[in-house]
Amino acid sequence: CHRRLLARIHRLTIGRLRKEIEPVTAAEFMRFLFQWQHVAPGSRQHGEAGLTHVIAQLAGFEAAASAWEPQLLRLRLAKYEPELLDRLCLSGAVSWGRLSPHPRLAFAGESDRARRIVPTSVAPISLFPREDGEWLMAAFAAGAAEGGPDPSAQLSAVAQDLRRALQERGACFFADLVRLTNHLQAEVEAGLWELVAAGLVTADGFDNLRALMDPRRRRAEGRERVRRPRHTAGRWSLLRNAVSQQPSVISSTEAVARQLLRRYGVVFRDLLVRESLVQSWRDLVVVYRKLELQGELRGGRFVTGFVGEQFALPEALRALRKSVNDASTGHEMKISASDPLNLAGIVLPGPRVPAVPSNFIVFRDGMAVRTVTAKDPFGMPAQPMSLSGHAPSG
């Protein structure tokens, strides 16, 4: 076959496949996402293997540190136990840490020294397979300015001493850091918490982070005194040194494109508003078109009401069709606003809900019916809005 004829046949085939797609509504797409991300009843994962799959699907998404276990992982596993995550972290299969650069690390100079990093439980972190750490670091570093100021300039003196000790000695236990820096235990705790919030350090186990976030455990009050040790056995290390330094066989843009497909099954520009991984939709489209020509995914119009190109995995397209055929049950589902499925005001009509752990969204048949906030414990009905984001008249 002549090369030009073969190219023409290929283009006509891609066009025919795109015309076969029957788009679904935003509500039907949300029902598919609940199944795809194992949030809907009957689709949740089990055991260590299930937790590994969930973490691989959510890799690169940053949520509040205090929201990961009670609001994200527990919702996706039939029976979540903290020990499951501890074993995965201590075995080296999973890492955690803040991937995006802290905005205050970009400031330098004497006038900005008062702008210290204040560690809180809502500091954004990500859980990811250790083998994905290299391209994740590269993806987030691509959006940061190169040749910036020293990141330690905005750290406290204790945090700078801890960072220097970890840089010189490598991974260290908590007791070693106390001895090397000659600071009090409470000061070392505060310094490590500051470095975690800045995205500079991580630890072997996730329990190290729990110990910093739980004030009762840090003060050893009540049953926390005997339930778990105040300082766990995991070692602390610099985040950039903890991940694999092996060269990646694929570019970070292609890795990001494949990860977003793994997370959502179907991707388009408006869907990725909350994704800090995305630096340029234009670059992603180039990768997706290439994968479509190779037959690895499908292109077309999968969800109505959105402009631009859309792409989907073949298995996601089959699951999307199946979810449309399933009858609506009227079952309500409560999702944290920190969850990547918080697409109110993005995919669904209505106002956006701030992505803080104290906010929740209640869905029924794929539509957001009401929101629950810390100031409104009884819930407030979601205002009906059109897909354009404007409230209808009358």
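## Overview of the model

Helices (H or I, at least four residues) and strands (E, at least two) are DSSP runs, numbered from the N terminus. The structure is a predicted model, in which local features need pLDDT of at least 70 and side-chain atom pairs count only at pLDDT 80 or more, while totals for chains, interfaces and linings use all residues. Residues are numbered from 1 along each chain as its sequence is written, and side-chain values use heavy atoms, with hydrogens and water left out.

The protein chain contains 16 helices and twelve strands. Of its 394 residues, 48% are buried; here buried means under 20% relative accessible area, exposed means over 50%, and partly exposed lies in between (1.4 Å probe, protein chains only). Among contacts (heavy atoms within 4.5 Å) with a separation of 6 or more in the protein chain, 70% are accounted for by residues 24 or more positions apart.

Strands count as paired if DSSP finds at least two bridges between them. Three strands form an open sheet in the order 1-3-2, with antiparallel pairing. Strand 1 (63–64) and strand 2 stand at the edges with a single partner strand each, so one side of each has no neighbour in the sheet. Helix 4 lies across strand 1 and strand 3 and runs at about 40° to strand 3.

Strand 2 (residues 94–97) is covered on both faces: Val94 and Trp96 are buried on one side, as are Ser95 and Gly97 on the other. Four bridges join strand 2 to strand 3 (residues 124–129) in the antiparallel sense. Within this pairing, Pro129 of strand 3 is the bridge partner of Val94, and Ser126 of strand 3 stands opposite Gly97.

## Salt bridges

Side chains of opposite charge can pair when their charged atoms come close. The count comes to 14 salt bridges, each being a side-chain nitrogen of Lys or Arg within 4 Å of a carboxyl oxygen of Asp or Glu. One of them joins the side chains of Arg87 and Glu48, with 2.6 Å from N to O. Arg87 lies in helix 5 (residues 82–90) and Glu48 in helix 3 (residues 47–58), so this pair ties together parts that are 39 residues apart in sequence. Arg87 is partly exposed at 43% relative accessibility, and Glu48 is partly exposed at 31%.

In another salt bridge, the closest N and O atoms of Asp339 and Arg76 are 2.8 Å apart. Asp339 belongs to the loop between strand 9 (332–336) and strand 10 (360–364), and Arg76 to helix 4 (residues 68–76), so the pair ties together parts 263 residues apart in sequence. Asp339 and Arg76 are both buried. Glu332 and Arg364 also form a salt bridge, the closest N and O atoms being 2.3 Å apart. This pair links distant parts of the chain, with Glu332 in strand 9 and Arg364 in strand 10, 32 residues apart. Glu332 counts as partly exposed at 29% relative accessibility, and Arg364 does so at 33%. Elsewhere, a network of salt bridges links Glu69, Asp86, Asp207 and Arg210.

Rings of Phe, Tyr and Trp (its six-membered ring) pair if their centres lie within 6.5 Å; planes under 30 degrees apart count as stacked, over 60 as edge-to-face and the rest as tilted. The count comes to nine aromatic pairs. Trp96 and Phe206 have ring centres 6.1 Å apart and planes at 80°, so the pair is edge-to-face. The two are 110 residues apart and link distant parts of the chain: Trp96 is in strand 2, and Phe206 is in the loop between strand 4 (201–203) and helix 10 (207–213). Both Trp96 and Phe206 are buried.

Ring pairs also link Phe29, Phe32, Trp36, Phe268 and Phe306 into a cluster. In helix 2 (residues 26–36), nine of the eleven residues are buried, including Phe29, Phe32 and Trp36. His38, with a positive phi near 60°, follows helix 2.

Notes. Axes fitted to C-alpha atoms, helices over the stretch in contact; angles between N-to-C directions.
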